[in-house]
Amino acid sequence: MKTLFEEIKASIKNNYNQDRSFWRPVLPWGGVFTIKAGRKAVSCTPLYVEIRLKNTCTIDGFLMLLYVILHENENFPRELSLHLGREFVDCFLYLMDTYSFTTVKLLWIWDKMEKQQYKSEVHKASLIIDLFGNEHDNFTKNLENLMSTIQESYCSNWRCPIRVQEDQQRTININPPQEIPHGNLIRLAVDELFCSRIELCEEQGCGGLREFSQRVFCHGAPPFVVLNMQHWKSEDLAYVPYYLDLSDHKYLLEGATLFNKEEHHYSAAFQIDGHWMHYDGLRNVNLILLNKPPEFLLLSSLVYIRAAEK
């Protein structure tokens with residue numbers, strides 16, 4: 001039996017222009033997991049209890065991206081095991097490979113999410129888990145310390161009340177420039193977060209110059225990064241860079257998650273062997289091969305993978 005990833009690659013290779021959709025639903029929205037109780041639960045009558053998942057699009061797109069990233073880069077499963085745990089990574093890949101879509105969602109919910117991050121209630125014989133909310137809360141913030149960064153700064157004024165400061169962040173939030181300059185806005189915003197710079201110190205009554213060092217990853221350059229782009233307007237996203245330099249490492253664009261505000265719904269786009277695909281778990285035909293790179297006007301996040309060192 002071919003794995004899901006092998007099936008997707010085969011569909012790309014053998015695709016015909018009149019049919020660019022994958023032959024079966026992949027990681028569909030929601031999910032139902034049936035639990036069969038043991039014989040002792042109810043004599044002679046098996047007891048079935050369901051777990052129903054709702055609004056899973058807040059993790060679906062990222063789970064799809066994670067699956068593609070792990071399969072396309074042979075060293076990444078070992079690296080990610082250091083952050084997420086080897087048992088989790090192995091189990092995640094096995095469940096996705098074998099089309100166990102509801103189970104893989106439960107793996108993420110129970111292994112990586114805190115209970116206060118989602119709503120759950122018992123209705124009749126079903127446990128309902130509702131993931132309605134923000135995908136960065138439900139996924140990105142649960143990547144342990146994978147993308148943790150730190151930046152130090154020093155003020156030139158000896159009398160500054162806080163002369164030495166450290167700014168540590170667990171996720172990478174890219175805020176749009178306050179003044180719109182010419183050039184690549186996303187790259188400029190990334191440089192503003194990561195590069196060294198000198199600014200006026202903002203401590204009250206100081207007046208000194210504060211020198212910021214280069215922002216660095218706390219645990220070495222991660223195999224992939226997720227840039228939180230949810231505060232950007234569509235008119236500022238005319239150009240998305242296909243590579244970025246982050247803390248002396250080059251990263252290549254692998255995919256993105258998209259947010260439809262009217263439907264409050266997330267979908268995703270990603271590359272396999274240079275071919276762009278669009279995934280939307282809510283649709284009946286939910287994995288489609290694109291003719292060209294997608295437009296990123298409904299952007300929620302950008303996902304970049306670390307380039308192989310030459």
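First, how the helix geometry is defined: each axis is a line fitted to C-alpha atoms, for helices over the stretch in contact, and angles run from 0 to 180 degrees between N-to-C directions. Keep in mind that this is a predicted model.

Start with the helix pair. Helix α2 covers residues 57-72, and helix α5 covers residues 101-112. Their axes come within 11 Å. The crossing angle is roughly 105 degrees.

Which residues of α2 and α5 meet? From α2, take Ile59, Asp60 and Leu63. From α5, take Lys105, Trp108 and Ile109. By class, that contact has four nonpolar residues, two charged and no polar ones.

Next, salt bridges. How many does a search of the whole structure find? The count is 12. The general idea is simple: side chains of opposite charge can pair when their charged atoms come close.

Here are some of them. Glutamate 50 pairs with arginine 52, with the closest N and O atoms 3.1 Å apart. Glutamate 50 has 24% relative accessibility, so it counts as partly exposed. Arginine 52 is also partly exposed, at 36%.

Move along to aspartate 137 and lysine 141. Their side chains form a salt bridge at 2.8 Å, N to O. Aspartate 137 has a relative accessible area of 32%, which means partly exposed. Lysine 141 comes in at 46%, so partly exposed as well.

Then arginine 283 with aspartate 280. The closest N and O atoms are 2.9 Å apart. Aspartate 280 has 6% relative accessibility, so it counts as buried. The cut-off for buried is under 20%.

There is also a network. Asp111, Lys112 and Glu144 are linked by salt bridges.

Last stop: glycine 183. Where does glycine 183 lie? Look in the loop between β7, residues 172-173, and α7, residues 185-194. Glycine 183 is at 58% relative accessibility. Exposed means over 50%, so glycine 183 counts as exposed.

One distance to go with that. Glycine 183 and tyrosine 304 are 121 residues apart along the chain. Their C-alpha atoms are separated by 20 Å.

That's my tour. Over to you for questions.

Conventions
Residues numbered from 1 in each chain as written. Predicted model: local features only at pLDDT ≥ 70, side-chain atom pairs only at ≥ 80, totals over all residues. Heavy atoms only, no water. Helix = DSSP H or I, 4+ residues; strand = E, 2+ residues; numbered from the N terminus. Contact = heavy atoms within 4.5 Å. Nonpolar A, V, L, I, M, F, W, Y, C, P; charged D, E, K, R; others polar. Buried < 20%, exposed > 50% of the residue type's maximum accessible area, 1.4 Å probe, protein only. Salt bridge = Lys/Arg side-chain N within 4 Å of Asp/Glu carboxyl O.
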